[in-house]
Amino acid sequence: MTLSETAIREHYRRAKPVYEALATVKDYPTIGLNDFVGWYIKRDHDDVAAIKAGYPQRGRVARLDRDYDEIHDRLERTLYAVTTYKTPSAFQRWEPCRYDESEGTTVWQDEPPTPGYADLRAVPAWGDIDLADDIKPLRGDLDAETQALVERSLEAYIEEYTTLYGTRDAVYALDSVGGAYVFGAPEAALPIADHFSDDPDALERVFDEFLDRSNAWLQEAEARVNERVDGAGDIIQPDWVNNKNRQYKPPLSIHADHDAVVTPIATDDVRYELRPLETVDDTLIEQAVSWANDLTRVEHTDCVDSLVATLWPDLYEDHNRWQATLEAWIEAEREREREQQRQREAALQRREERLAELDGTLEGRPITPFKEDVYEAVENIDITEIARHYASDAYDTDPNQPRPQFDPCWRHSESGQSCFVDEQANTFGDSKVNAGGGPAKLMALAMGIISDADADLDGEDYWAAVDELRSAGYDIPVWVPEAGSDRVDDGTYDQMPFWAVRKAAVALEVCPEDAFVDREGEDGTYEGFPGYETYNETLDAIQEAGLNHGRDPVTPEENTTDDESESPADSSRSDKRSGDLDRAHLHEKNRLLTAKVERLESELEEKSERIKELETEVNQLRSELATVRSERDRLEAALEEREFEQEPKQGDRDKDQSPLDRAKRFISSGE
């Protein structure tokens, strides 16, 4: 890369008409930014309260059209635009801020004024169709076979977009130098914005879901392309991450790693040819302006029907109109949330009533009959700790970003910055799949319980993640449903389920997890208690913890302590079974004692080693002390002898002086 600052600035001055044409769809503008970081326009202000609070400036997001000259003056190399177009009011939100020189970030007094999903108006399905990492550096020097394969692959992706939008005329593409971008017509979403213009909540829900579903649909399209085009998966690695504020390099933007520019691709005749900056002429600028005008022209609003039918297929089949389909989806979502809220409120009510009965005896206990206690403990875990110590190969990889970026450990990230932590919300996000979650989900990704950030974390996967958090040292109570608790199938537990008794045994340190033994039950093999005494001790510990297990203790004469089916005991083999249980119990006791012995021996060994180290230090100090004392005594004797020889008549006067005073006098007389 050999471009001078003068050449870069002159290039963007000449290309300004491209960005003027690209800047708005209808009356809705988009964001422009310099070098991936220049999101905001900032000005001094006279808000005394904010200034006293330490926020001497105010800022808003930068408009590509009205703020282009300022963006241009800040440019170092690469210009970016944002895929989505917003309501103009989103660019009029000024918020107090300050710039942190040490961190290189903007700090906001409240929330940053970044537009949200409810601000969106013209929204494309968009994809970053990257070249494979080993091919990107070769761009401009691709062999004919590879270039032909890239072109066939891009043609196949354009066909997928054609299916999504219903016409190839509504599909646009750019050669991004390191790959390609493919857009659907942004104006196809304008009817959605108009239809829900008086319902911001509905608008936010629909556009958020539209982008999620388009990203997911395009991931499926990738599989179809790889199946149709032999070798496509070896050279193309798409990044299906469109969101409310997704940056991309617009036409004629200079690539960060190549002295080449982004150029239009004709979707009806795909050619993948690199254009070095020095070859940019008036003809190419005119082509780029024409491409921008085509992308932002309002002529494909009827594609909304194809979009909704493709992305909401089941509901569309039922309703046969995009308006009715989206309205039905919104109502279903709201009803689902209302039902969840009802369930939460009912659970909290039961929790309050039960806590009143227990009179606070559950406080500080390692077990709880309330799932909400587990959820609350998990959500209170600092997600930055999970990201920094468990879920990242590198943390805070871009100090210029307002939120800490990190390189995820569960997948490859070329930039190392495609995931972030929202410290205020205590959540993380994965820009590649436009998804994220809380501490449990991030730990699940770190431990391989799930492999993608857009996967659901529920059922056994959630509780496995909670166990991993406990293993990492976080204090999370164990959920143990007591007798009378609600079951998932809407019934209630007559007694504490056996799996919960096992969990309580471990949490209350009655029985270690590895001490359970395989048992044969009506439904096959399961993990059971090693002995009836351990089982009974567990019931006592549960009762002492304040929970109602609803179970009877087991006597040696009974056949079983832990039948997973919870059926009555069969006493026909009680003697043999009792002996087996006694032996198992003794085996467990031996195991526990052995583990304790090993732990104590380890502690003893560590302390013995420390004692040896201290004894060595003590001996060294004693030796050093003896040496210093000897030297001091020798010096005092020499001083007294010299002093007596030099001042024999002053002996009486000096008798009461200290050795130190006499030494000072001796040194003084020696000078």
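**Cores and a helix crossing in a predicted model**

User: Which residues have the most contacts inside the largest nonpolar core?

Analyst: Tyr19, Leu22, Tyr165, Phe183, Phe207 and Leu252 do, in a core of 97 residues. Keep in mind that this is a predicted model.

User: Which helix gives the largest share of this core?

Analyst: Helix H7, residues 200-228, with ten residues.

User: What is phenylalanine 207 in contact with?

Analyst: Apart from neighbours within four places in sequence, phenylalanine 207 is in contact with Tyr117, Leu120, Arg121, Val123, Ala189, Ile192 and Ala193. There is also a second, separate core of 32 residues, and Val374, Phe428, Leu457 and Tyr462 are among them.

User: Switching to histidine 11. Where is that?

Analyst: Histidine 11 lies in helix H1, which covers residues 5-14.

User: Buried or exposed?

Analyst: Buried, because its relative accessibility is 5% and the cut-off for buried is under 20%.

User: New topic: how do the axes of H5 and H10 cross?

Analyst: The axes of helix H5 (residues 144-165) and helix H10 (residues 304-311) cross at roughly 100° and come within 7 Å. H5 and H10 are therefore roughly perpendicular to each other.

User: Which residues meet there?

Analyst: From H5, Thr163, Leu164 and Tyr165; from H10, Ser306, Leu307, Thr310 and Leu311. By class, that contact has four nonpolar residues, three polar and no charged ones.

Note on methods: Residues numbered from 1 in each chain as written. Predicted model: local features only at pLDDT ≥ 70, side-chain atom pairs only at ≥ 80, totals over all residues. Heavy atoms only, no water. Helix = DSSP H or I, 4+ residues; strand = E, 2+ residues; numbered from the N terminus. Buried < 20%, exposed > 50% of the residue type's maximum accessible area, 1.4 Å probe, protein only. Core = buried A, V, L, I, M, F, W, Y, C linked by side-chain atoms within 4.5 Å. Contact = heavy atoms within 4.5 Å. Axes fitted to C-alpha atoms, helices over the stretch in contact; angles between N-to-C directions. Parallel < 35°, antiparallel > 145°, perpendicular 65-115°, else oblique. Nonpolar A, V, L, I, M, F, W, Y, C, P; charged D, E, K, R; others polar.
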